[in-house]
Amino acid sequence: MGHRILTVSERPDLAPIVARWRVEAFFDYPGGWTVETMTAAILAPPDGPEETFVLFDQDRPVGTAGLVREDLETRPDLTPWLAAVFVEPACRGRGYASALVRQVEAFARAASVPVLWLYTRAAEPLYARLGWQRVGLGRDGDHEVVLMRRDLTGI
Ligand SMILES: CC(C)(COP(=O)(O)OP(=O)(O)OC[C@H]1O[C@@H](n2cnc3c(N)ncnc32)[C@H](O)[C@@H]1OP(=O)(O)O)[C@@H](O)C(=O)NCCC(=O)NCCS
């Protein structure tokens with residue numbers, strides 16, 4: 001497929017690119033995260049098994065996904081999370097998000113994580129196809145979200 005996935009730990013210079021994607025795709029409202037504050041958060045020392053991944057198409061960064069300790073404020077009991085999956089519009093439909101999800105799963109499994117969590121508004125079919133199970137609904141601010149889990153012990 002002509003792609004490879006790197007981590008921000010090995011390439012900290014990628015943090016501002018990921019931060020811009022995250023802010024534009026997920027926090028596009030006033031008073032929230034800025035590219036600067038998000039860059040700092042991405043570069044902060046990991047709290048447990050955390051990592052940020054960047055997918056390159058040839059030599060161009062076009063997508064990202066993260067493993068984070070906390071993601072959904074209303075569910076602090078669940079950890080860790082697959083978060084902030086994003087692929088540039090021109091590169092969608094090529095399996096890049098799927099490759100990023102698989103990479104996060106492999107990283108988490110190597111860190112002895114038994115179960116991963118995620119929440120999504122619209123991408124449930126993508127994750128379901130990759131073996132994730134819907135466990136119910138949650139809330140993210142004013143929005144209803146689908147909560148999903150991935151058992152990493154049997155794969
Ligand atoms: C969702 C997203 C990451 C998929 O990236 P991708 O590289 O195209 O995904 P893949 O090629 O691996 O898989 C394609 C599947 O993703 C899903 N998908 C694609 N675009 C989507 C979108 N805009 N919204 C929701 N799901 C989408 C579909 O299920 C699609 O399946 P199909 O090919 O049978 O139609 C990408 O559309 C994106 O960045 N969207 C904006 C950010 C976002 O919503 N992220 C998910 C947060 S939970």
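This tour visits a set of salt bridges and then one face of a helix.

The model is predicted: local features require pLDDT of at least 70 and side-chain atom pairs count only at pLDDT 80 or more, while totals for chains, interfaces and linings use all residues. Residues are numbered from 1 along each chain as its sequence is written, and side-chain values use heavy atoms, with hydrogens and water left out.

**Salt bridges**

Side chains of opposite charge can pair when their charged atoms come close. A salt bridge is taken here as a side-chain nitrogen of Lys or Arg within 4 Å of a carboxyl oxygen of Asp or Glu. The count by this rule is 9 salt bridges.

Begin by selecting arginine 11 and aspartate 13. Their side chains form a salt bridge, with an N to O distance of 2.8 Å. Arginine 11 is partly exposed at 28% relative accessibility, and aspartate 13 is partly exposed at 46%.

Next, select arginine 102 and glutamate 105. A salt bridge joins these side chains at 2.9 Å, N to O. Both residues belong to helix α3 (residues 96-110), where they are 3 residues apart, about one turn of the helix. Helices (H or I, at least four residues) and strands (E, at least two) are DSSP runs, numbered from the N terminus. Is glutamate 105 buried or exposed? Glutamate 105 is buried, at 3% relative accessibility, whereas arginine 102 is partly exposed, at 36%.

Then move to arginine 134 and glutamate 124, whose closest N and O atoms are 2.8 Å apart in a salt bridge. Arginine 134 is in strand β6 (residues 133-140) and glutamate 124 in helix α4 (residues 124-129), so this pair ties together parts that are 10 residues apart in sequence. Arginine 134 is partly exposed at 46% relative accessibility; glutamate 124 is also partly exposed, at 23%.

**The buried face of helix α2**

Finally, select helix α2 (residues 35-43). Which of its residues are buried? They are Met38, Thr39 and Ile42. Viewed down the axis of α2, the buried residues fall within an arc of 105° (the arc of the directions from the helix axis to the C-beta atoms), so they line one face of the helix. To see what covers these residues, display α1 (15-26) and β2 (51-57), which are among the covering elements; contact means heavy atoms within 4.5 Å.

Note on methods. Buried means under 20% relative accessible area, exposed over 50%, partly exposed in between (1.4 Å probe, protein chains only).
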